[in-house]
Every structure is written in C-alpha cells, then in structure tokens.
Amino acid sequence: MSFVYRNEQTGAEARMGRTGSGYYVEACHPDFSLPLRKTYEWYQHDLATRDFEILRAVVGATVEQREAAIAG
C-alpha cells in the first residue's frame, strides 16, 4: 500500500506508505533538500491517514490560494 500525490505545478509530493511495523507519511518539495517524514505504529493508521490528507491539501494548494489564506 502506497499513496502518492504530486502537484505538477510545483513538483511537491505527499506520500503515505507502509514500514515494517507501521506507516510513514512524507512530504517533499524541490526547494528543500530534506523531506518532512513522520512514522507511525501499526495501530496509528487513523493518525497517519489524517496527516497524509493534510499534507496532500498543503502540497496541492497553489501559490494564489496560500497568499489569499495568509492575507485573509
């Protein structure tokens, strides 16, 4: 099981997958050298799914949407 969401405009990605004992959620952006990665135990599947959905929304936001949210 692996989920990947990629924003074609920015090149940013959000990923969720399995580790040996649980799950990981990761976000990568071409402007930053290191990814944001968090791991979860097997029983924390709901938390991992929630964090993936949040990162997917952040990665998918366009520059205009972010600027409007900051200004508003």
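**Side chains and core**

Colleague: Which side chain does aspartate 51 join through a polar contact of 2.9 Å?

Modeller: That of arginine 50. A polar contact is an N/O pair within 3.5 Å, one able to donate a hydrogen and the other to accept it; for residues adjacent in sequence, both must be side-chain atoms. This is a predicted model: local features need pLDDT of at least 70, side-chain atom pairs 80 or more, while totals for chains, interfaces and linings use all residues. Numbering runs from 1 along each chain, and side-chain values use heavy atoms, without hydrogens or water.

Colleague: What joins aspartate 51 and tyrosine 40?

Modeller: A polar contact of 2.2 Å between their side chains.

Colleague: Where does aspartate 51 lie? And is it buried or exposed?

Modeller: In helix α1, residues 45–60 (a DSSP run of H or I, at least four residues; strands are E, at least two). Aspartate 51 has a relative accessible area of 13%, so it is buried (under 20%; exposed is over 50%, partly exposed in between; 1.4 Å probe, protein chains only).

Colleague: What does aspartate 51 touch, skipping residues up to four places away in sequence?

Modeller: Val25, Lys38 and Tyr40. Contact means heavy atoms within 4.5 Å.

Colleague: New topic. How many residues make up the largest nonpolar core?

Modeller: It has 11 residues, including Val25, Tyr40, Phe52 and Val59. Such a core links buried Ala, Val, Leu, Ile, Met, Phe, Trp, Tyr and Cys through side-chain atoms within 4.5 Å.

Colleague: Which elements each supply at least two residues of this core?

Modeller: β2 (13–18), β3 (22–28) and α1. Helix α1 gives the most, with four residues.

Colleague: What is valine 59 in contact with, leaving aside neighbours within four places in sequence?

Modeller: Tyr5, Asn7, Thr10, Ala12, Glu13 and Ala14.

Colleague: Now the rings. How many aromatic pairs?

Modeller: Two. Ring centres must lie within 6.5 Å, using the six-membered ring of Trp; planes under 30 degrees apart are stacked, over 60 edge-to-face, the rest tilted. Phenylalanine 3 and phenylalanine 52 are a tilted pair, 6.2 Å centre to centre with 35° between planes. Phenylalanine 3 is in strand β1 (residues 2–6) and phenylalanine 52 in α1, so the pair ties together parts 49 residues apart in sequence.

Colleague: Is phenylalanine 52 buried or exposed?

Modeller: Buried, at 7% relative accessible area. Phenylalanine 3 is partly exposed, at 41%.

Colleague: Why is the tryptophan 42 and tyrosine 43 pair edge-to-face?

Modeller: Because their ring planes are at 90°, with centres 5.7 Å apart. Tryptophan 42 counts as exposed at 60% relative accessibility. Tyrosine 43 counts as exposed at 56%.
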